Amino acid sequence: MVLPVDQQGIAQSPIQVIGDLKHPHGLGLSFDNSHLFVPCLAEDQIRVYTINGNGHLTEQVAYRITTNKGAGPRHLAFSPNQNSFYCLNELDATINVYSAFEPYQQKQNCDILAAGSECKPWAADIHITPNGRHLYASERSASIIRHFEVTTEGLELTPMAAYATETQPRGFNIDQSGLFLLAAGQKSNHIAVYKIDAVTGVLQALDRYPVGKGPMWITTHIIEN
């Protein structure tokens, strides 16, 4: 749905509804806000739309991105250098690396789970640090946060450590400073807080906190005094 927002920040009635997508699980805006990318989990495709001046969406069918069969594209992360973006695939627990320029060529496919893992793949969320050097993904079956180091160009990932975290980490986030990662355990009813090493990206567990039942998503906001 496309909803205009008034001057008070209140969403108005939809001006467009697109109803032919199968399990659209997330979306992401291009760096210049001209394109919308929509991972459709049941299609194994990422649909690409042009955002027109009046806010309406026009699909660029020729630029649909097709993932591996059964991958289940779920969420996106965009490199701060505006050179690449990353798609987390839920059903095979992989990450696809794409060039951010048409025709959005795939550059790499990386496994989140370790080779030989007996867990049924069930990836959930993906985020990148503000400096673009470290990418993290959560996997629910194994209850881990997986760390990947990112090249300067943003087009290649190197698998690093996997960190045991809260049970079934459906959502996590990185604060705007890039110094802290917070992970929500949907089955543990806690969030875990980690310090991110500014150079290596290594996670250091700081503490965990009880929250409401079944936490799913985390957002962060810096309050300026």
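**Figure 1. A look into the largest pocket of this predicted model.** The volume here comes to about 230 Å³. The lining counts 14 residues, and those closest to the pocket centre are Met1, Leu21, Leu27, Leu36 and Val38. Sort the lining by class and you get 11 nonpolar and 3 polar residues, with no charged ones.

**Figure 2. The second largest pocket, at about 200 Å³.** Here 13 residues make up the lining, and Ser30, Phe31, Asp32, Ala100 and Phe101 sit closest to the centre. What does this lining hold by class? The tally is 7 nonpolar, 4 polar and 2 charged residues.

Figure 3. For Cys40, the nearest cysteine sulfur belongs to Cys87 and lies 10 Å away, and Cys40 is in no disulfide. Is Cys40 buried or exposed? Its relative accessibility is 0%, so Cys40 counts as buried. Cys110 is in no disulfide either, and its nearest cysteine sulfur, again that of Cys87, is 13 Å away. Cys110 has a relative accessibility of 6%, so this residue counts as buried.

**Figure 4. The open sheet E10-E11-E12-E13.** Four strands line up in that order, with antiparallel pairing. Strand E10 (123-128) and E13 are at the edges; each has a single partner strand, so one side of each has no neighbour in the sheet. From one strand to the next, the twist averages 20 degrees. At the E10 end, E10 and E11 pair in the antiparallel sense over 5 bridges, and Ile128 has Leu135 in E11 as its bridge partner.

**Figure 5. Zooming in on E12 and its hairpin with E11.** Strand E12 covers residues 144-150 and is mostly covered, with 6 of its 7 residues buried. Strand E11 (residues 134-139) pairs with E12 in the antiparallel sense, over 6 bridges.

**Figure 6. On to the hairpin of E12 and E13.** Strand E13 (residues 157-164) runs antiparallel to E12, and 6 bridges join the two. Arg146 stands opposite Ala162 in E13. Which turn residue has a positive phi in this hairpin? That would be Gly154, at about 85 degrees, in a hairpin with 6 residues between its strands.

**Figure 7. Another open sheet, E6-E7-E8-E9.** This sheet has 4 strands, and the pairing is antiparallel. Strand E6 (73-78) and strand E9 (106-111) are the edge strands, and each pairs on one side only. The twist from one strand to the next averages 20 degrees. Between E6 and strand E7 (residues 84-89) there are 5 bridges, in the antiparallel sense. For a landmark, find Pro73, whose bridge partner in E7 is Asn89. As a reminder when you trace these pairings, strands of a sheet pair through backbone hydrogen bonds, either parallel or antiparallel.

Note on methods
Residues are numbered from 1 along each chain as its sequence is written. This is a predicted model: local features need pLDDT of at least 70, side-chain atom pairs count only at pLDDT 80 or more; totals for chains, interfaces and linings use all residues. Side-chain values use heavy atoms; hydrogens and water are left out. On a 1 Å grid over the protein atoms alone, a cavity is a set of points where a 1.4 Å probe fits but cannot get out, and a pocket is an open set with protein on both sides within 12 Å along at least five of seven lines; lining residues have an atom within 4 Å of a point. Grid points are joined across faces, edges and corners, and a volume is the space filled by probe spheres set on the points. Ala, Val, Leu, Ile, Met, Phe, Trp, Tyr, Cys and Pro count as nonpolar, Asp, Glu, Lys and Arg as charged, and the others, Gly among them, as polar. A disulfide is a pair of cysteine sulfur atoms within 2.5 Å. Buried means under 20% relative accessible area, exposed over 50%, partly exposed in between (1.4 Å probe, protein chains only). Two strands pair if DSSP finds at least two bridges between them. Axes are lines fitted to C-alpha atoms, for helices over the stretch in contact, and angles run from 0 to 180 degrees between N-to-C directions.
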